[in-house]
Amino acid sequence: MLPAMRVAALLLAAGRGERLAASVPKAFVALAGRSLLARSSDALAACAAVEWILPVIPVGESERYRALEERELAGATKLLPAVEGGAERQDSVRAGLAALPVEAEWVAVHDAARALVSSQDVARVIAAARNEGAALLAHPVADTVKRVREGRVLETPPRDECWAAQTPQVFRVELLRKALERADAEGFQGTDDASLVERLGRPVRVVPGDPGNRKITDPDDLRWAEARLGRG
Ligand code: CTP
Ligand code: MG
């Protein structure tokens, strides 16, 4: 039998949710009666391979988080004390990485905004990371993708090579630390974590995921998710 992978999940919940424009930061917004943060945490906790869950919360929101913890996460196992994130997503990843348990060998970075991820997909992407050290969930895009700058098309990548990246994205802890250090040194801001690892020239395995693992970004996404949960 293969040795167990010791996996900590980094639950990124430190964004403000400007596009959702709710009265509270996005991760605290309720989706059919339960916050995005709690729903994401449930999905990660339900995956046997995840040993720890480390929430990264917005600066200045620890009171609100404490209340949410009491209300929605009282029985939660695997949950570590939350840490505060930073201004950009990459800053939040950095803060989370610094607070991981020393025993963690693998990190699964997950957007709290992807509250409908299935624990099966979490398990699949973790297993897929084992060989090369990095893997992400993604799904093929339906539309033809154009690279555009200043209103003009630069190029049209072949559609069968275009995938939309999701989370979790899973890495050896040391690999993501190194990738983040490099990105910081070079002033690179990624919109996901795999892109930092790609810049090291290291392979990243793609695991076909469920398009239902959609990031809740604007009010339409929230309505879509509520409908999907059967209450919309
Ligand atoms: N995130 C984070 N720290 C930041 C920015 C984002 O932890 N400084 C997290 C968000 O909480 C979210 C995930 O990264 O779970 C994806 O980001 P996004 O969907 O852009 O969320 P927000 O940044 O909150 O939304 P917006 O960009 O509309 O303000
Ligand atoms: Mg954002």
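1. A polar contact here is a pair of N or O atoms within 3.5 Å. With that cut-off in hand, let us look at Glu-18: one of its polar backbone atoms is 2.7 Å from an oxygen atom of ligand 1, so the pair falls within the limit. Please keep in mind that this is a predicted model.

2. Two further backbone contacts involve nitrogen on the ligand side. Ala-87 brings a backbone N or O atom to 3.1 Å from a nitrogen atom of ligand 1, and for Glu-88 the corresponding distance to a nitrogen atom of the ligand is 3.3 Å. As for burial, ligand 1 taken alone exposes 560 Å², and the protein buries 87% of that.

3. Where does ligand 1 sit? The space it takes is the largest pocket. There are 18 residues around ligand 1, and those that come nearest are Leu-12, Glu-18, Lys-26, Ser-92 and Lys-215.

4. Arg-199 lies over the face of Phe-188, 4.0 Å from the ring centre. The charged end of Arg-214 sits over the ring of Trp-224, at 4.3 Å from its centre.

5. A last word on ring pairs: with centres required to lie within 6.5 Å, the count of aromatic pairs comes to 0.

Note on methods. Residues are numbered from 1 along each chain as its sequence is written. Chains are lettered from A and ligands numbered from 1 in the order in which they are written. This is a predicted model: local features need pLDDT of at least 70, side-chain atom pairs count only at pLDDT 80 or more; totals for chains, interfaces and linings use all residues. Side-chain values use heavy atoms; hydrogens and water are left out. Rings of Phe, Tyr and Trp (its six-membered ring) pair if their centres lie within 6.5 Å; planes under 30 degrees apart count as stacked, over 60 as edge-to-face and the rest as tilted. A charge sits over a ring if NZ of Lys or CZ of Arg is within 6 Å of the ring centre and within 35 degrees of the ring normal. A residue is near a molecule or strand if one of its heavy atoms lies within 4 Å of it. A polar contact is a pair of N or O atoms within 3.5 Å; within protein, one must be able to donate a hydrogen and the other to accept it, and residues adjacent in sequence count only if both atoms are side-chain atoms. Accessible areas come from the Shrake-Rupley method with a 1.4 Å probe; for residues, only the protein chains shown count as cover. On a 1 Å grid over the protein atoms alone, a cavity is a set of points where a 1.4 Å probe fits but cannot get out, and a pocket is an open set with protein on both sides within 12 Å along at least five of seven lines; lining residues have an atom within 4 Å of a point. A molecule sits in a cavity or pocket if more than half of its atoms lie within 2 Å of its grid points.
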